[in-house]
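Work through the exercises below with the model open. Try each task before reading its solution.

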Amino acid sequence: MSKPQFVYVTYISTTAEKLWNALQDGEMTKRYWGHRRNASDWQPGSSWQHRDYDDASLVDIVGKVVESKPPQRLVLTWALPADAANEARHSRVTFEIKPLADAVRLTTNWSPARRCCAASPTAGPWCCRA
Amino acid sequence: MTESDDVFKALADPSRRHLLDQLRLSNGQTLSELCAHLTMSRQAVTKHLALLEAANLVVPVWRGREKLHYLNPVPIHEIFERWIGKFERQRLSALRELKRQLEGDGS
């Protein structure tokens with residue numbers, strides 16, 4: 001198991017179900033995630049795409065759903081479309097949702113790809129920065 | 001808000017800021033790795049890390065029996081968002097870059 005490159009912890013006053021849906025629902029991601037939607041059936045082994053809300057041909061990120069345990073844990077691989085076939089260039093993002101008394105704790109954990117992906121303006125912080 | 005009280009209290013101590021600096025240089029260090037760069041006792045580092053964790057500034061990740069420590073920038077980002085306007089960011093980055101350029105490698 002590779003060591004994560006970063007770990008972000010955010011406390012959000014909501015429910016685990018709402019947060020889980022917000023990671024996947026296009027109407028929600030449109031508002032907080034650069035006018036994009038995440039398209040997938042969210043079953044383990046399925047592919048997913050991060051793409052423009054209006055134009056489905058503009059795909060920024062592609063990957064596979066590794067784990068999906070609603071509403072607790074979502075693990076995705078993450079790559080540029082050009083690197084779709086090259087798994088050494090896929091990084092891995094884990095979203096963990098833990099309900100607390102009056103909030104939920106979202107842990108976002110990013111493990112880098114074994115090899116850096118190609119530079120891209122839309123790859124943002126998820127791509128290699130070293 | 002009580003959460004930001006914890007954050008400011010945690011940041012008020014120079015040793016704890018130094019620990020965050022160490023994690024900024026190399027994220028995901030074990031206690032032993034952190035101690036190797038510091039003159040503080042292992043016990044003192046443990047105590048400071050517990051406070052930083054309580055303030056959500058440091059997040060532990062277990063890898064087998066190893067406890068790795070990660071700098072969590074989320075609470076500091078909240079402070080940033082609270083007092084820095086959306087359109088000031090670029091100007092402030094430009095000023096910071098100007099200072100950095102003039103001062104050499106300083107951050």
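**Exercise 1. A hairpin**

How many residues lie between β6(A) and β7(A) in the hairpin that they form?

Solution. Four residues separate the two strands of this hairpin. Strands are DSSP runs of E with at least two residues, helices are runs of H or I with at least four, and both are numbered from the N terminus. β6(A) and β7(A) run antiparallel, joined by eight bridges. Within this pair, Arg92(A) is opposite Ser111(A) of β7(A).

Before going on, note the ground rules. The model is predicted: local features need pLDDT of at least 70, side-chain atom pairs count only at pLDDT 80 or more, and totals for chains, interfaces and linings use all residues. Residues are numbered from 1 along each chain as its sequence is written, chains are lettered from A and ligands numbered from 1 in the order written, and side-chain values use heavy atoms, without hydrogens and water.

**Exercise 2. Two helices of chain B**

At what angle do α2 (residues 14-25) and α4 (residues 42-54) of chain B cross?

Solution. Their axes cross at roughly 80 degrees and come within 10 Å. Axes are lines fitted to C-alpha atoms, for helices over the stretch in contact; angles run from 0 to 180 degrees between N-to-C directions. Roughly perpendicular covers 65 to 115 degrees, and α2(B) and α4(B) therefore belong to that class. Contact means heavy atoms within 4.5 Å. Ser15(B), Arg16(B), Leu19(B) and Leu20(B) of α2(B) meet residues of α4(B), among them Val45(B) and His48(B).

**Exercise 3. The interface**

How much area do chain B and chain A bury between them?

Solution. About 1000 Å², with 58% of it on carbon and sulfur atoms. Buried area is the accessible area (1.4 Å probe) lost on putting two parts together, summed over both. The contact takes 13 residues from chain B and 11 residues from chain A.

Notes. Angles under 35 degrees count as roughly parallel, over 145 as roughly antiparallel, 65 to 115 as roughly perpendicular and the rest as oblique. Two strands pair if DSSP finds at least two bridges between them.
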